[in-house]
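Please look over the structure shown here, together with its sequence. The briefing below gathers selected local features by topic.

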Amino acid sequence: MIDSYADLLATYVEVENEEVVHFCKILFHDLLQLEQKMLEQEDEDGIDGGCEMCQRYTFLTKHHLIPKSTHKQMKKKGLSAEQLMQYAYICRQCHSAAHHYITNKEMAEYYNTIERIMENQHIQAFVKWNSKQKVLSRRRSNGRKIQPLD
């Protein structure tokens, strides 16, 4: 079994230069750390569960209730870091609809809870429709699709 890029390189060519082998070992180590960070970030960015808007069980995305693009302005208005980092887990379809029907400024200033987002008449109509849609497939936290849900 090949455990490092240095081992992989050694299987293809005779490596006599220790600097090349050392570089490959460092590169392999760095790539493993990067992969681990990406997996941790992916776990933070989404989970499987029930959407807080349409209630469908699927892969959920992290929706920042106060959009990141407005954080600087909202800090000036006195919001704390804790308030700025609040989020909800919603499905991709509801997430897209929320950003389609509500501007980031409106979201930051008024629609900054799921309850308030759900007050929007366009969102209400979309969620009503979306909640009846079959989840054809969902993805695991590693990005791979899994079997359709019944």
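The notes that follow cover a helix, a proline, a pair of cysteines and a loop glutamine.

This is a predicted model, in which local features need pLDDT of at least 70 and side-chain atom pairs count only at pLDDT 80 or more, while totals for chains, interfaces and linings use all residues. Residues are numbered from 1 along each chain as its sequence is written, and side-chain values use heavy atoms, with hydrogens and water left out. Helices (H or I, at least four residues) and strands (E, at least two) are DSSP runs, numbered from the N terminus.

**Helix α8**

- Within α8, which spans residues 121-130, the buried residues are Ile 123, Phe 126, Val 127 and Asn 130, where buried means under 20% relative accessible area, exposed over 50% and partly exposed in between (1.4 Å probe, protein chains only).
- Seen down the axis of α8, these buried residues fall within an arc of 100°, so they line one face of the helix; the arc is that of the directions from the helix axis to the C-beta atoms.
- An α-helix has 3.6 residues a turn, so residues three or four places apart point the same way.
- The buried residues of α8 pack against β3 (87-91), α5 (92-101) and α7 (114-117), whereas Gln 121 and Lys 128, on the other side of α8, are exposed.
- A side-chain oxygen of Asn 120 comes to within 2.8 Å of the backbone nitrogen of His 122 at the start of α8.

**Pro 67**

- Pro 67 sits in the loop between β2 (57-64) and α3 (71-76), and it counts as buried, with a relative accessibility of 6%.
- Apart from its neighbours within four places in sequence, Pro 67 is in contact (heavy atoms within 4.5 Å) with Asn 104, Met 107 and Ala 108.
- Pro 67 and Asn 112 are 45 residues apart along the chain, and their C-alpha atoms are separated by 8.8 Å.

**Cysteines**

- A search of the whole structure finds zero disulfides, a disulfide being a pair of cysteine sulfur atoms within 2.5 Å.
- Cys 51 is in no disulfide, and the nearest cysteine sulfur to its own is that of Cys 54, 3.8 Å away.
- Cys 51 counts as buried at 0% relative accessibility, and Cys 54 also counts as buried, at 5%.

**Gln 55**

- Gln 55, in the loop between β1 (46-50) and β2, has a phi near 70°, a positive value in a residue other than glycine.
- Most residues other than glycine have a negative phi.
- Gln 55 is exposed, with a relative accessible area of 58%.

How values were computed: A polar contact is a pair of N or O atoms within 3.5 Å; within protein, one must be able to donate a hydrogen and the other to accept it, and residues adjacent in sequence count only if both atoms are side-chain atoms.
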